[in-house]
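This briefing goes through the ligand surroundings, the annotated positions, the aromatic pairs and a few single residues. Please keep the sequence and the structure at hand while reading.

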Amino acid sequence: MNFDLKTLPLSTAAAEKCDLLIVLVPEGFKPAADALSTLVAHALKQGDLEAKPGKSLSLYNAPAVASRRLVLAGAGNGSAKAVRQALLACASALKGPQIKRAALVFAGAIGPDAVCAAVLAVADGSYVYTATKSKAEAPALARVTVGVPDAAAVREGFARGTGVAAGVEFAREWANRPANHATPTLLANAAKTLAKAPNIQCKVHGPAEVARLGMGSFMAVARGSEEPLRFIELHYNGAAKSVPPVVLVGKGITFDTGGISIKPAAEMDEMKFDMGGAASVLGTFRALAELKPAINVLGLIPACENMPDGRAVKPGDVVTTMNGLTVEVLNTDAEGRLVLCDALTYAARFKPQALVDIATLTGACVIALGNLRSGLFATDDALAAKLQAAGEAALDPCWRMPLDDEYAEGLKSNFADMGNVGGRAGGSITAAKFLQRFVGDTPWAHLDIAGTAWKSGAAKGGTGRPVGLLVHYLLDVARGAAAGAAGAAPAAARRRAADASTPAPAAKAAKPVRAKTVRSAA
Ligand code: BES
Ligand code: MN
Ligand code: ZN
């Protein structure tokens with residue numbers, strides 16, 4: 001889908017040629033003298049429209065409006081959250097088969113974060129999964145114009161929104177594809193397509209290389225499957241080689257049957273989403289390709305299936321991890337930590353400034369936090385604070401969980417250095433404690449996205465989370481680095497760095513910015 005941003009007061013929005021015009025009406029709306037303003041003011045006065053987000057009024061052939069279809073939507077206080085809610089409520093209108101071109105106009109002041117949220121909400125609401133449907137029609141919506149009172153003032157938020165939207169869509173698409181259409185090999189191919197961008201390189205390791213690296217734990221999980229494992233390495237180079245990278249590690253279990261400790265049948269299909277962490281890493285790289293921040297990022301994805309088989313790892317088997325620690329596999333369904341631990345050990349080679357893993361790791365995390373916030377575990381308070389703040393800014397929130405050493409007690413084993421499970425109590429924390437054994441002194445955080453990576457029920461599908469959180473975090477790291485390099489007071493420099501990422505004022509006024517997000521994932 002193509003997005004473009006332009007300065008568009010309500011008075012001229014009425015003349016905008018499109019198939020659907022959405023007017024976002026904030027609380028305290030101040031009408032001008034034009035026809036559209038008068039119409040909105042009248043609807044508010046009559047009580048036919050409320051400015052609350054989620055409330056809307058649909059009109060047809062409204063006088064003085066070029067677009068046949070017009071939706072007036074309440075935008076509350078105009079915050080990012082309110083704007084998102086307002087536009088998600090318009091999702092069905094945006095998905096109409098005749099809607100090829102839509103325009104979105106803000107009937108009041110609007111900040112960059114709200115514009116970012118608007119772009120994301122429209123992209124989100126108009127996404128349709130088609131990859132494995134024989135008769136599915138691709139969505140009609142091809143172009144969305146975002147009209148604001150002052151385009152120059154929100155350009156950064158607009159660019160951020162289109163970049164994150166491309167990443168979220170990529171992550172959703174790969175999460176949604178069934179396990180037989182998203183094997184470790186196909187995931188690796190998707191990563192290779194990302195490396196077509198000039199700043200991205202991709203390296204894919206197969207079973208022989210992974211054996212050579214000594215990743216005995218990762219290999220043990222993959223043993224039960226006919227599908228060969230893949231260890232995917234993505235490099236984004238936006239800064240000098242000497243700048244240490246941020247390393248992202250995504251759990252890439254393309255299907256989790258549980259292995260010999262097999263899962264019950266009910267909802268087992270949802271375990272195709274067990275590569276949600278991997279999908280979020282791929283999506284983040286998709287966004288980096290668009291946004292080109294001045295940082296270095298390394299993405300690592302251990303990808304394989306967890307299957308029961310004559311060759312599969314068995315409960316009680318002891319495996320040797322890449323860092324030499326031995327693990328008693330007490331439950332083959334606790335496989336995520338077994339593939340992640342070797343990837344975390346490998347990550348240390350790159351001397352990361354921060355190491356963040358993202359995993360649909362535990363059902364226990366879903367019990368603890370539900371589907372709203374991802375679980376955040378961190379050894380470093382500054383890193384935790386940055387990730388937490390990025391989650392709030394991106395409307396992709398997380399919540400910090402504890403890592404007291406006492407929680408590791410359950411991981412003791414009589415036959416190896418550690419077991420791969422603790423008890424049922426505090427299951428998401430013992431899983432994090434397991435991972436912590438493999439990160440050494442590197443500032444490390446772990447995001448348990450078991451409750452947030454996908455939705456169940458009628459709306460079953462990948463959410464693309466936490467791409468928004470990760471991209472906001474990485475943009476923040478890039479801003480911090482720019483501030484450091486400038487040697488200026490952080491806040492002022494940060495503001496300047498943000499300004500520097502937008503084109504010069506003269507260029508801004510000349511033509512609207514176009515941004516394209518790609519519909520097909522690979
Ligand atoms: N992929 C699952 C975690 C999961 C389960 C995510 C349900 C979302 C919904 C993971 O591999 C797993 O099976 N974890 C076990 C760990 C247990 C055996 C210690 C779990 O959570 O039950
Ligand atoms: Mn499992
Ligand atoms: Zn799993």
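Predicted model: local features only at pLDDT ≥ 70, side-chain atom pairs only at ≥ 80, totals over all residues.

Around ligand 1 there are 16 residues, of which K263, D274, D333, E335 and G363 come nearest. By class, the shell around ligand 1 divides into five nonpolar, four polar and seven charged residues.

**Polar contacts of ligand 1**

- The side chain of E335 places a polar atom 2.8 Å from an oxygen atom of ligand 1, and K251 likewise has a polar side-chain atom 3.2 Å from an oxygen atom of ligand 1.
- G363 takes part through its backbone, with a polar backbone atom 2.7 Å from an oxygen atom of ligand 1.
- Taken alone, ligand 1 exposes 510 Å², and the protein buries 76% of that area.

**Annotated positions**

- An unreviewed UniProt entry carries the annotation "binding site" for D256, D333 and E335.
- These three residues span 80 residues in sequence, yet no two of their C-alpha atoms are more than 8.3 Å apart, so they gather at one spot.
- D256 has its place in strand β10, and because its relative accessibility is 3%, under the 20% limit, D256 counts as buried.
- According to UniProt (unreviewed entry), the feature "domain: Cytosol aminopeptidase" is placed at residues 331-338.
- Within residues 331-338, the end C-alpha atoms lie 11 Å apart, and the span is 38% helix and 0% strand.

**Aromatic pairs**

- Five aromatic pairs are found when the whole structure is searched.
- In the pair formed by F273 and W454, the ring centres are 5.2 Å apart and the planes stand at 15°, which is under 30 degrees, so this pair is stacked.
- F273 lies in the loop between β10 (252-256) and α10 (276-291), whereas W454 lies in strand β19 (residues 454-455), so the pair ties together parts that are 181 residues apart in sequence.
- F273 counts as buried at 2% relative accessibility, and W454 also counts as buried, at 10% relative accessibility.
- The rings of F434 and F438 have their centres 5.5 Å apart and their planes at 35°, so this second pair is tilted rather than stacked.
- Both members of that pair, F434 and F438, are buried.
- Elsewhere, F218, F231, Y346 and F350 are linked into a cluster by ring pairs.

- The side chain of S126 reaches the backbone oxygen of V122, at a distance of 2.8 Å.
- G423 sits in the loop between β17 (418-419) and α14 (427-436), and because its relative accessible area is 51%, over the 50% limit, G423 is exposed.
- Between G423 and A384 there are 39 residues of separation in sequence and 26 Å in space, taken from C-alpha to C-alpha.

How values were computed. Residues numbered from 1 in each chain as written. Chains lettered and ligands numbered in written order. Heavy atoms only, no water. UniProt positions renumbered as here; feature names shortened; annotations may be inferred. Helix = DSSP H or I, 4+ residues; strand = E, 2+ residues; numbered from the N terminus. Near = heavy atom within 4 Å. Polar contact = N/O pair within 3.5 Å; in protein donor to acceptor, adjacent residues only side chain to side chain. Areas by Shrake-Rupley, 256 points an atom, 1.4 Å probe, with all protein chains shown as cover. Nonpolar A, V, L, I, M, F, W, Y, C, P; charged D, E, K, R; others polar. Phe/Tyr/Trp six-rings, centres within 6.5 Å; stacked < 30°, edge-to-face > 60°. Buried < 20%, exposed > 50% of the residue type's maximum accessible area, 1.4 Å probe, protein only.
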